[in-house]
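Here is a short briefing on one protein model. Look over the sequence and the structure first, then read on.

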Amino acid sequence: MRRMDAKVKKQRPHQQKHSGPKAERKKLKKQGGSAGQDERKRNPKAFAVQSAVRMAKTFHRAQDIKTKKHHIPHVDRTPLEPPPIVIVVVGPPKVGKSTLIRCLIKNFTRQKLGDICGPVTIVSGKKRRLTFVECNNDINTMIDLAKVADLVLMLIDASFGFEMETFEFLNICQVHGFPRIMGVLTHLDSFKNNKTLRKTKKNLKHRFWTEVYQGAKLFYLSGMVYGEYQTQEVKNLGRFISVMKFRPLVWQTTHPYVLVDRMEDLTDPERVRTDPKCDRTVSLYGYLRGTLMKNKGQVHIPGIGDFQVADLNFLPDPCSLPDAQKKRALNEKERLLYAPMAGVGGVVYDKDAVYIDLPASHVNQQQEEVRPTTELVQSLIDTHATLDTKMAGSKMSLFSGSAGLDPSDVEEQSKLMQGLQEEQVWDAHTKRNRRKVVFTEQVDDSDGTSSASDDEDGGAEECDQGEQGEDEDEESLSAFLKEKRARSETKACSAPLAKKTKVGEEERPAFADSEDELQMSEEEAGRARDSGHCSEEEEDNDEGDAASEDEEEDGALEGALEKQTMSDEEEEEGKGSLRWKEGLQAKALQAFLRQQEAAPNLRKLVYGSVAEADGSAEEEEEEEQLGGLFRVSRPQNNRKMQTNAVDCSRFDTDASRDWDSEEMLNSIRDCFVTGKWDEGQDAAVLLKEDEEMYGDFEDLETGEVHSGQSEQFTEEQNSASNDDEAEESMKVDDEVQKNKRLEKKRRLKERFNSEYDDGDATYFDDLKEEMQKQAELNRAEFEDVDDDTRVQYEGFRPGMYIRVEISSVPCELVTNFDPHYPIVLGGLGAGEGNVGYLQMRLKKHRWHGRILKTRDPLIMSLGWRRFQTIPLYYIEDHNGRNRLLKYTPQHMHCGAAIWGPVTPQGTGFLAVQSVTGTNAKFRIAATGVVLDLDKSVTIVKKLKLIGYPYKIFKNTCFVKDMFSTVLEVAKFEGASIRTVSGVRGQIKKALSAPPGAYRATFEDRLLMSDIVFLRSWYPVSVPQLYNPVTSLLLPAGQKDHWTGMRTLGQLKHDLGIRNKPNADSLYKPVVRAPRRFNPLHIPRELQKALPFKSKPKLQHPRGKTPRDLQRPCVIREPHERKVAALLHALSTVHHHKRKKVHVAQHAKHKEFLQQKEKQEEAKLLRQKEARKKLYRVMGQMDKKKQRSSLKGAAQDQ
């Protein structure tokens, strides 16, 4: 080691430079200046504006770039805990969507997920959650997910290129609000050549920028390792997702919606068994997004239909954000994963069982570290006794502080209840069977009095035990009150069948004035107390509120009861006739309290059931959870008073206050005008300021002069000059008032300066500040209100995990449920549940193959809905007429009128002709926007009426066959008409016969062969067809095969019907008769004058050659034929040799010509070079002569 240390050379220390330009810059930097600033001061002209035009262009460009970044500010309505961000992974089949979702989930939660079924929610950071959804190749799924997506991961197979599904989804997003889109290129490992890879990346990136926007983010996943993408690339993608900001979309921020991640069937199993096709009641679970959602509202589920919400409530967040702690990363427990449809998330509810998932990494941990969802399972694992043994030794207390009930007590009570028996007795008076109740105790016991007394004692003991916990704190009550209560309880508990009543109700009969009140039944007493306006919670918590009412009423009754002078019961019985006069004050107080309790609860009348406000933090801590599944609810004694205290329509008098005491009077003294108020609210101070402000004034009616405060103050000062303390106090008051006035002026001046002296503030900044203030105001409105009360006032806010119960759902939704197809529950606004006429602006998509025909059914995606309708296309002429079009124009917009759901104006829509299967061509047929929601637009089509003239009088004509009645003619009097030849006319008056004929005048005289026509316009009605696309009700595997109304062409094609052509439109063979021309006859005189060439030659036609002059046929002999054949063969050989020699000579000549051409080219090249040399020499000689001539001229001068 020493040798090694000796070999290591010591590094030379760094020597700082003390001179040179670098050292000078360091010195200037230490001194606080810079070289650039020094040069700018030394030579300001060098840094001045050189060109005003260039400076203006630079300034304009900078302002344009700054202005492009401005967006219209929106009010930030996102809650403190926003819902998870919906990330939709889109792409054609086999492009790697599921693999990418698994890799991202593993990156965020360190967990592996198998099949991606339904939405998968994870916690990605301290303030952000993500919900991943895979979009399959079905166009219905693409449309639904494009409406709820916050971020789209668009996967592209780089080895294949862009596919049609990518462009279809981009166009769907453009119509329904463009979310953030990130492209991801996969299958890059298939490229072996780096140059080809770079070129492909560049081409795909620029094409992606063209469709989305310039500079859109495009990720590259280079390859796969063990079936997963590379960890670093997935981590980079996850970082971009975690920090991405989202701009609110109009449709999403104005409508509540839920991306359902769990569905349960709540229908009665017996009803399903008897009628499997009955409508179901289902509950849908998911995070609420968008805006506030009210209970009992109207919702639409795309693919199913419109429904009314039966019940709506919020649940604990199954994938909650971690607690706010100052730490950089999440621990393993906080990396939650919630995917009920995929079987992940703790507890999964199946059709016939409940499955509880236990992660392997958490089973062996200590009990304190186990999550609440697994406590119940851990307790079941650690049990060592059977359920019957535990039930036998368990106790249960019905009320807080009461003794527990053993199973033996329950058995005794059951025996007591079994004592009720029925006996049929015939009543001769009423002529009917009466059902008499027979008690077993009465039959078995011979002495009824002893049993009754035993029951009374036992009942009294039970009642004493039940009320023991409530009476422990009441030590201040008198013994007389306790004795009276015990007697009343004994009487109340004597009947074994009587229901245990409230303590306050038991006390009232104890002080009754007559036997009628003592005999008043419990039902009548309850009917007299209950006004019918109390809430459901108040009715449920009657027994829990007994102790609180007892305490309040006993404190008020104690003073009245002590004033009574009767010592024992015998005196009370002896003076029974005068008992009604005793305790009148207490009875009046009780009657007043009962009347106050019976006052109508306005809050319940407006908002329905009233939610109770939570008491305190201690009461919330008392609520326990058993295994994370069940919650122990304890009755709160003061809940009724808390609810009534919030309600301004109720006022409960506190009888325990003594209004005669001085302390109580001082506590409310400041509530009146004579009390001590704040300085800004005190009446005396305000009057004093008014006197200083307005001074002296004279009453013009009476003539009385009122002096201001200053004169009154001087008079008082002169009259009481000896009182120095009064003067000092007045001086102090003046100084205080002066300081207040100065402070008020200073605030006004600051406000004026802030409004008018804003130099750099722009309208955009003011608008942003206004939106920020509005957002803070929205958050602070219900910030301190608990969720139970808050949802009744404003509704369920976004970010809550809600449960929506919907009834009358088709059974096919449950039986054909497929988690790979998402369920979106969209809330409808006011009036959006109605159906009516819609006016739209529509344009056929430039990539769709065919133009659209009027009255052909079209599937539209408008708002949350997907439905089929029959549109009418029209265009507006220059005169305002809406003319019906048979087909959509090729490259321009047109109007469309449909019968469909009422949707707000400005909402975009798209149309497809079919959603069945996958089509090789572009599926989006048209896009557009909603213009109007009424039937104000009248669409007309052209109608030509044809008539024929049958009498003509100069320019007047009688026309028939155009109309059928005189009434029709009368309606068209004065209309302009035309003939086919272009003669214009006008209808004058109808004729009596024939029916429908009329008299008309024209510009010119008509012919009987003319045809008269009238050009009119006929209004067209819009067909009323609204057929929702119910794709989610189809069986599994057929959800992309929904077929609605077919077009006329499809019907004829499917049924094999051919169009019958019009007979007049068919081509017919042209038959032309042969024309015969007369012989040309030229006069003799003219023939003489014609030249010889033009004169007709008088030649007789040749006849047939006589038979004797015809040449006979020569028949050769065999020898002659052989000689002729030989000569023919020799001549053929000779001709072939001559042709062969000619071809060879021609090729030789051609070669000679090529050589000669080459020689000519070489000769021309040599001549060209020679000419160049010659011209060069001649040029040099000319230059020499020129120089010599210039020299000679210079010498001569």
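How many salt bridges does a search of the whole structure find? The search finds 19, a salt bridge being a side-chain nitrogen of Lys or Arg within 4 Å of a carboxyl oxygen of Asp or Glu. This is a predicted model: local features need pLDDT of at least 70, side-chain atom pairs count only at pLDDT 80 or more, and totals for chains, interfaces and linings use all residues. Residues are numbered from 1 along each chain as its sequence is written, and side-chain values use heavy atoms, with hydrogens and water left out.

**Salt bridges**

- Side chains of opposite charge can pair when their charged atoms come close.
- Arg262 and Glu264 meet through their side chains in a salt bridge (3.2 Å, N to O). Arg262 and Glu264 are both buried; buried means under 20% relative accessible area, exposed over 50%, and partly exposed in between (1.4 Å probe, protein chains only).
- Arg803 and Glu805 form a salt bridge too (3.3 Å, N to O). Arg803 counts as buried because its relative accessibility is 15%.
- Arg881 bridges to Asp877, with the closest N and O atoms 3.9 Å apart. Arg881 is partly exposed at 27% relative accessibility, while Asp877 is buried at 17%.

**The open sheet**

- Seven strands form an open sheet with mixed pairing, in the order β6-β5-β4-β1-β3-β2-β14. Helices (H or I, at least four residues) and strands (E, at least two) are DSSP runs, numbered from the N terminus. Two strands pair if DSSP finds at least two bridges between them.
- β6 (218-220) and β14 (337-338) are the edge strands; each has a single partner, so one side of each lacks a neighbour in the sheet.
- β1 pairs with β3 (residues 129-134) in the parallel sense, over five bridges. Val89 has Glu134 in β3 as its bridge partner.
- Helix α5 (residues 97-109) packs on the sheet, and its direction makes about 165 degrees with that of β3. Such angles run from 0 to 180 degrees between N-to-C directions, and axes are lines fitted to C-alpha atoms, for helices over the stretch in contact.

**Nonpolar cores**

- The largest nonpolar core has 47 residues. Such a core is a set of buried Ala, Val, Leu, Ile, Met, Phe, Trp, Tyr and Cys residues joined through side-chain atoms within 4.5 Å.
- Another core, of 31 residues, lies apart from it and includes Val89 and Met182.
- In helix α6, ten of its ten residues are buried.

**His176**

- His176 sits in the loop between α7 (164-175) and β5 (180-186). His176 is buried, with a relative accessible area of 11%.
- The side chains of His176 and Ser861 make a polar contact (3.0 Å). A polar contact is a pair of N or O atoms within 3.5 Å; within protein, one must be able to donate a hydrogen and the other to accept it, and residues adjacent in sequence count only if both atoms are side-chain atoms.

**Strand β27 and its partners**

- All of β27 (residues 865-869) is covered: five of its five residues are buried.
- β26 (residues 858-862) pairs with β27 in the antiparallel sense over five bridges. Ile859 has Gln868 as its bridge partner in β27.
- β39 (residues 1027-1028) also pairs with β27 in the antiparallel sense, over two bridges. Gln868 stands opposite Asn1027 in β39.

Note on methods:
Contact = heavy atoms within 4.5 Å.
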